[in-house]
Amino acid sequence: METNRQKKIGGVLQKDLVDILQGEVRKNGITNLVISVSKVSVTTDLSVATVYLSIFPQERAKETLEAIKTNTTLIKHDLAQRVRLQLRRVPNLVFFIDDSLDYIEKIDNALAGKENPIENRDLLEKRRKS
């Protein structure tokens, strides 16, 4: 259960990380790439922030995530400059790709298409009698 303090710090970090990441994309002249920060969760001791990124197009997500991970120290430094009046210590950043939209899309496709388990009961696993 997240405390209000964790939620507030997560919100501040999320807003500033969006500005930093999208600013770097614009500054480097990278086209056709959108990076959004979908969620930031902070540990109870405020030492680690887990950052979930949505990267479009999906084909470039893995290489973009690797580039972000290699530049984590620079991103943390930029973040520290932005939140220095609000936080005493900036948490360590751990980046992950947020694949929840892909998961939702697979469920929608399964329900709308041929793989609908409601209409085709053969797709469901048979119950075992014990």
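Lys 15 is found in helix 1, which spans residues 4-27. The model is a predicted one, in which local features need pLDDT of at least 70 and side-chain atom pairs count only at pLDDT 80 or more, while totals for chains, interfaces and linings use all residues. Residues are numbered from 1 along each chain as its sequence is written, and side-chain values use heavy atoms, with hydrogens and water left out.

**Overall layout**

- The protein chain has four helices and three strands, these being DSSP runs numbered from the N terminus (helices: H or I, at least four residues; strands: E, at least two).
- Followed along the sequence, the elements of the protein chain come in the pattern α-β-β-α-α-β-α.
- The protein chain has 130 residues, of which 28% count as buried (buried is under 20% relative accessible area, exposed is over 50%, and partly exposed is in between, with a 1.4 Å probe and protein chains only).

**Lys 15 and the salt bridges**

- Three salt bridges are counted, each taken as a side-chain nitrogen of Lys or Arg within 4 Å of a carboxyl oxygen of Asp or Glu.
- In one of them, Lys 15 pairs with Asp 16, and the closest N and O atoms are 3.6 Å apart; Lys 15 is exposed, with a relative accessible area of 55%, whereas Asp 16 is buried, with a relative accessible area of 7%.
- Lys 15 and Val 37 are 22 residues apart along the chain, and their C-alpha atoms are separated by 8.2 Å.
- Another salt bridge joins Arg 82 and Asp 19, where the closest N and O atoms are 3.7 Å apart. This pair links distant parts of the chain, with Arg 82 in helix 3 and Asp 19 in helix 1, 63 residues apart.
- Both partners of that pair are partly exposed, Arg 82 with a relative accessible area of 42% and Asp 19 with one of 36%.
- Lys 27 and Glu 24 also meet in a salt bridge, at 3.0 Å from N to O, and both lie in helix 1, three residues apart, which is about one turn of the helix.
- Within this pair, Lys 27 is exposed at a relative accessible area of 61%, and Glu 24 counts as partly exposed at 30%.

**Backbone features in the loops**

- Most residues other than glycine have a negative phi, and most peptide bonds are trans.
- Asn 32, although not a glycine, has a positive phi of about 60°; Asn 32 sits in the loop between helix 1 and strand 1 (34-42) and is exposed, with a relative accessible area of 66%.
- Leu 46, also a residue other than glycine, has a positive phi near 60°; Leu 46 belongs to the loop between strand 1 and strand 2 and is partly exposed, with a relative accessible area of 26%.
- The peptide bond that joins Phe 56 and Pro 57 is cis, with omega about 5°, and Pro 57 lies in the loop between strand 2 (48-56) and helix 2 (61-70).

**A nonpolar surface patch**

- Val 34, Phe 56, Leu 101, Tyr 103, Ile 104, Ile 107 and Leu 111 form a nonpolar patch on the surface, with about 660 Å² of accessible area together (Shrake-Rupley method, 1.4 Å probe).
- Patch residues have over 30% relative accessible area and no salt bridge, with nonpolar side chains joined within 5 Å and like charges within 9 Å.
- Helix 4 (residues 100-112) supplies five residues, the largest share of the nonpolar patch; Ile 104 lies in helix 4 and is partly exposed, with a relative accessible area of 45%.
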